[in-house]
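Student: Hey, can we go through this structure together? I'd like to know what to look at in it.

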Amino acid sequence: MRADRGSVPAHCEHVFVVELTNNQKGVAAEAVIESEALKRGITVYRPLGGHSRADQIFDIGGRLLRVQVKHGHLGPDRDVLVVNTGGSYLSATGYVRSTYAAHEIDRLAVWSSELDRCFLLPPSIFAGRSVVHLRLTPSRNNQRACITLADDFDFNGAVAQLEERRHGMAEARGSSPLSSTLSSPGQIPVRTIGSDELRLTLGQVIDQVAAGEKIIVTRRGTPRIRLSPVAPGPPVDPPGLGEDQAHER
């Protein structure tokens with residue numbers, strides 16, 4: 001808001017900045033996330049009552065996802081988006097700190113007012129954590145391991161992985177929704193995860209695939225590879241491996 005130039009000299013012009021409270025930021029974040037979801041054609045529901053862990057419910061391809069909404073702020077160097085996911089409540093024995101568990105909510109939606117960007121995170125990123133850091137720029141030493149890149153969870157890209165209507169995804173998984181589903185009785189379930197989720201939960205994914213599950217790995221909404229269990233039978237030597245080397249193995 002600028003003062004009227006006719007009544008205040010130019011050198012005395014003032015700019016008034018309104019700083020939102022945490023509650024106001026939370027309300028604004030819910031409004032922005034809801035708007036972004038509606039732009040993608042997602043039906044958004046709101047839980048009734050004040051004790052739900054989810055702020056909104058997304059209906060994506062007939063699958064209901066419980067979504068908690070948070071406002072994120074930039075770190076001191078403006079290269080990391082910080083999202084406070086922990087909380088506390090007063091019990092009979094005092095204050096108890098709490099975090100979100102995977103069985104409580106399905107996705108964490110984040111809005112940054114400073115960046116005017118939205119992100120959508122799976123439980124593997126936020127479950128059990130009180131703070132999540134989304135890196136906005138590459139690390140100074142080009143490290144990739146144990147770093148959560150914000151671009152990998154951009155709201156539109158993340159939603160694209162969940163949309164039934166997306167043509168490329170539909171071809172990758174047939175007509176089934178993007179989840180652990182069966183297109184016909186007796187068929188092995190097919191599930192889709194993002195590349196960053198694969199990196200963070202590699203051991204668990206290996207066990208799931210070894211147990212018979214098939215998994216499609218996407219990167220920024222585009223299917224890249226398909227993981228499936230090894231067919232039963234004797235191990236197959238890699239091409240070019242000599243007989244002596246095979247025996248040594």
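**A pocket to begin with**

Tutor: Helix α1 gives the most to the lining of the second largest pocket, with 6 residues. A pocket here is an open set of points on a 1 Å grid over the protein atoms alone, with protein on both sides within 12 Å along at least five of seven lines, and lining residues have an atom within 4 Å of a point. Helices (H or I, at least four residues) and strands (E, at least two) are DSSP runs, numbered from the N terminus.

Student: Before we go on, what kind of model is this?

Tutor: It's a predicted model, where local features need pLDDT of at least 70, side-chain atom pairs count only at pLDDT 80 or more, and totals for chains, interfaces and linings use all residues. Residues are numbered from 1 along each chain as its sequence is written, and side-chain values use heavy atoms, with hydrogens and water left out.

Student: OK, back to the second largest pocket. How much space lies in it?

Tutor: About 440 Å³. That volume is the space filled by probe spheres set on the grid points, which are joined across faces, edges and corners.

Student: Which residues lie nearest its centre?

Tutor: Asn 22, Asn 23, Gly 26, Lys 70 and His 71, out of 14 lining residues. The elements giving two or more residues to that lining are α1 and β3.

Student: And how do the lining residues divide into nonpolar, polar and charged?

Tutor: There are 2 nonpolar, 8 polar and 4 charged. In this count Ala, Val, Leu, Ile, Met, Phe, Trp, Tyr, Cys and Pro are nonpolar, Asp, Glu, Lys and Arg are charged, and the others, Gly among them, are polar.

Student: New topic. How many salt bridges does a search of the whole structure find?

Tutor: It finds 9. A salt bridge means a side-chain nitrogen of Lys or Arg within 4 Å of a carboxyl oxygen of Asp or Glu. One of them joins Glu 30 and Arg 46, at 3.1 Å from N to O. Glu 30 is in helix α1 (residues 22-39) and Arg 46 in the loop between β1 (43-45) and β2 (56-60), so this pair ties together parts 16 residues apart in sequence.

Student: What else is linked with Glu 30 and Arg 46 in a network of salt bridges?

Tutor: Glu 34.

Student: Which residue does Arg 66 form a salt bridge with?

Tutor: Asp 106, with the closest N and O atoms 3.1 Å apart. Arg 66 sits in strand β3 (residues 63-74) and Asp 106 in the loop between β6 (94-98) and β7 (107-112), 40 residues apart.

Student: Is Asp 106 buried or exposed?

Tutor: Asp 106 counts as buried, at 16% relative accessibility, while Arg 66 is partly exposed at 31%. Buried means under 20% relative accessible area, exposed over 50%, and partly exposed in between (1.4 Å probe, protein chains only).

Student: What about Arg 135 and Asp 79, buried or exposed?

Tutor: Both Arg 135 and Asp 79 are buried. Their side chains also meet in a salt bridge, 3.4 Å from N to O. Arg 135 lies in strand β9 (residues 131-135) and Asp 79 in the loop between β3 and β4 (80-84), so the pair ties together parts 56 residues apart in sequence.

Student: Now the inside. Which residues in the largest nonpolar core touch the most other members?

Tutor: Of its 18 residues, Ile 33, Phe 58, Leu 120 and Phe 155 do. A nonpolar core is a set of buried Ala, Val, Leu, Ile, Met, Phe, Trp, Tyr and Cys residues joined through side-chain atoms within 4.5 Å. At least two residues of this core come from each of α1, β2, β3, β7, β8 (117-121) and α3 (155-160).

Student: What does Ile 33 touch?

Tutor: Leaving out residues up to four places away in sequence, its partners include Phe 58, Val 69, Trp 111 and Phe 155. Contact means heavy atoms within 4.5 Å. There's also a second, separate core of 16 residues, with Val 83, Leu 121, Leu 134 and Ala 150 among them.

Student: Last one: where does Arg 78 lie?

Tutor: In the loop between β3 and β4. Arg 78 counts as exposed, at 53% relative accessibility, and its phi is near 60°, a positive value in a residue other than glycine.

Conventions. 1 Å grid on protein atoms, 1.4 Å probe; cavity = no way out; pocket = protein on both sides within 12 Å on 5 of 7 lines; lining within 4 Å.
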